[in-house]
Amino acid sequence: MKIERHWGISLLAILAVGPGLMLNSALTPLQGLLQKTLDSSSYPSIIPILTGTIAFALFVPLGPFLRHKWGDKATYITSACISLLGVLLSLISTKFIVFEAGRVLQGMGGGMALMMMLPMLVLSFPISRRNLALLILIGGFYGSSIIGVCFGTLVSHTGHWKEIFYVAVACSILAILLGYTLLSNEGTRHAKEKAHFDWMGFVWAGIFALLTAFTVLSLQKWGGSSLYVWIGLGGSVLSFLFLFITEYSITKPLLSFKLILHKKPLLAILVVVIGYIAMTLSLVSLQGILKTVNALPNKEMVIVYLCLLVGVAVAAILSCLLYDTLGPGILGMIGALLIIGVNLTWMYAGNHEAYTFFAISFFVLILGVGFTIASGLMGAALGGPLPDLVPRMATVQFLRMIAYAAIPVISSYVLNRFSAHHLTNGSSQDISEQSVEKSQLLAYHDLFFSSFSASLVLLCFSFLMALTGKGHKLAHKPHHQRNEEHKENSNSNEEVVQPPQLYTKDAVIPDHDYRKALQKFKQIKPSQTNDDVFREALKKFKEK
């Protein structure tokens, strides 16, 4: 049975990008286990997550350039091979530096594939069913991240972290085989056209990414009062300003900031980032309470985390069905209200709750965040001229992944600060196990309040995006079908006036046309005509 092209492209997109997203989110609950296995106690545990995400972000704008230079097939297989090499290095590594090199390579491969596959994914679907691309985007990409969270949490209890990397190896091998079979080298430039690459923009983007990573690492290691944090933050801001000025002033930039400095794309970026902040804060709190207080059996733990996947599936289906009807703004508002509901519930809930309460909370939270992701990404993609979709989305994805690298570390730092504050302000001077647990629970509730505040901001930005209109639709009927339907409606609703019949030289003029011509001719004043003019007029009329 031959697979349809759009489903083949969808599978290739998930296999190329999904494993990287899965590993990035899976390594967060595995930090302690990795330090023991790799004997990397002298290194910050966040480095493998941070470097993989930063490399992913930095190589996102490179995908469209390589696709135009090498073609679809060559670029896809190259990115899949780089990802496979990176996963294998991480899998066989016994030292931290080798594991780290593998994470960088894997991030590079996934980033190269992202903005090459997204346009192919959207354009491969028939125009009347293009909303199904949103189903793949949310279910495949966002679902890969949530699968990583589930796998990482469950595997952390068994101590066998390499099982996740085996899955990534299998996906990369399958991507190479299917890419070789299904793709061709379409998309290359004309042979005489020289491909232009913005090296200056790439260098400044790399400097900005490295300084951001340095700032985040310094924050985790030394805290917010460290001089290194402020030096890194200042360097990050300055390098971003240089990057912005450089890219804004050239004709073919690597990152097209001009295209996102409009109402809808700018609001869409804020919706995506703030939605991720709200999800991270709430998810950290839920997982913390689940681990600290409610030590569930493995069976119930699996059920709770399966609700995350169910939430992703429902979010993908509903986003696919509702996006064109509601528009990105309304969809984002619904997602923000769902996140607000989860946070309000847990702000007033007790610590010891049934596992079904956790399951429902996980489901509603992920459902709401799925709506905000669909709202933000599609609002940015379709919030401007469609021919500029690829450079606009490359810029959005670069900024999004940089934010995704920093937000979990900042959330962890905020949690530690809240916990330390409640511990030092406790009534007991003796720091016992009970007082530490109590301070952590209070810190989790503070995170719920912080997430609630972020959700309110998210609701405001979604409302502003709704005011800008729905924008372009994902799915609509082809132009020729709409023209045919318009003709049918015109024929059924009103009498169609037939155009006048064209006469050739030898045609016979009907009587009513002849009389009509004579009647018009008689309206001319007698002083302006004679018999010769009359005969000449009839002769010209017959020659039409």
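These are my notebook entries on a predicted model of one protein chain.

**Ground rules.** I number residues from 1 along the chain as its sequence is written. The model is predicted, so local features need pLDDT of at least 70 and side-chain atom pairs count only at pLDDT 80 or more, while totals for chains, interfaces and linings use all residues; side-chain values use heavy atoms, with hydrogens and water left out.

**Whole chain.** I looked up the secondary structure first. The chain has 18 helices and zero strands. Helices here are DSSP runs of H or I with at least four residues, strands are runs of E with at least two, and both are numbered from the N terminus. Next I checked burial. Of the 544 residues, 49% are buried. Buried means under 20% relative accessible area, exposed means over 50%, and partly exposed lies in between, with a 1.4 Å probe and protein chains only. The accessible surface is about 27,200 Å², and carbon and sulfur atoms hold 64% of it. Areas come from the Shrake-Rupley method with a 1.4 Å probe; for residues, only the protein chains shown count as cover. Then I took contacts, meaning heavy atoms within 4.5 Å. Among those between residues at least 6 apart in sequence, 82% join residues at least 24 apart.

**Helix α13.** I traced this helix over residues 355-381. Its 27 residues reach 39 Å from first C-alpha to last, close to the 39 Å expected at 1.5 Å a residue. The expected span is 1.5 Å times one less than the number of residues. Is α13 mostly covered or mostly open? It is mostly covered, with 21 of its 27 residues buried.

**Core.** I asked which residues touch the most other members of the largest nonpolar core. They are Tyr76, Tyr142, Leu308 and Phe398, in a core of 149 residues. A nonpolar core is a set of buried Ala, Val, Leu, Ile, Met, Phe, Trp, Tyr and Cys residues joined through side-chain atoms within 4.5 Å. Leaving aside neighbours within four places in sequence, Tyr142 contacts Leu137, Met279, Val312, Ile366, Val369, Gly370 and Ile373.

**Ser319.** I found this serine in helix α12, residues 298-347. Ser319 counts as buried because its relative accessible area is 0%. Beyond four places in sequence, Ser319 touches Leu134, Leu331, Gly370, Phe371 and Ala374.

I placed Leu283 in helix α11, residues 263-292. Leu283 is buried at 8% relative accessibility. Its contacts, again not counting residues up to four places away, are Val149, Leu308, Phe362 and Leu365. Leu283 and Ser361 are 78 residues apart in sequence, yet 9.6 Å apart in space, C-alpha to C-alpha. Leu441 lies in helix α15, residues 433-467. Leu441 is also buried, at 8%. From Leu441 to Ser285 I read 156 residues in sequence and 8.6 Å between C-alpha atoms.

**Asn24.** I located this residue in helix α1. Asn24 counts as buried because its relative accessibility is 10%. It touches Ile49, Gly52, Thr53 and Arg103, residues up to four places away not counted. Asn24 and Gly107 are 83 residues apart in sequence and 9.0 Å apart in space, C-alpha to C-alpha.

**Salt bridges.** How many are there by this rule? I count two. The rule asks for a side-chain nitrogen of Lys or Arg within 4 Å of a carboxyl oxygen of Asp or Glu. One joins Arg129 and Glu4 at 3.8 Å, N to O. This pair links distant parts of the chain, 125 residues apart: Arg129 is in the loop between α6 (96-124) and α7 (132-158), and Glu4 is in the segment before α1 (5-26). Arg129 is partly exposed at 33%, and Glu4 is partly exposed at 40%. Arg67 bridges to Asp72, with the closest N and O atoms 2.5 Å apart. Asp72 is buried at 2%.

**Surface patch.** Trp230, Leu233, Val237, Leu238, Leu241, Phe242 and Ile245 make a nonpolar patch of about 710 Å². Patch residues have over 30% relative accessible area and no salt bridge; like charges are joined within 9 Å, and nonpolar side chains (Val, Leu, Ile, Met, Phe, Trp, Tyr) within 5 Å. Leu238 sits in helix α10, residues 227-248. An α-helix has 3.6 residues a turn, so residues three or four places apart point the same way.
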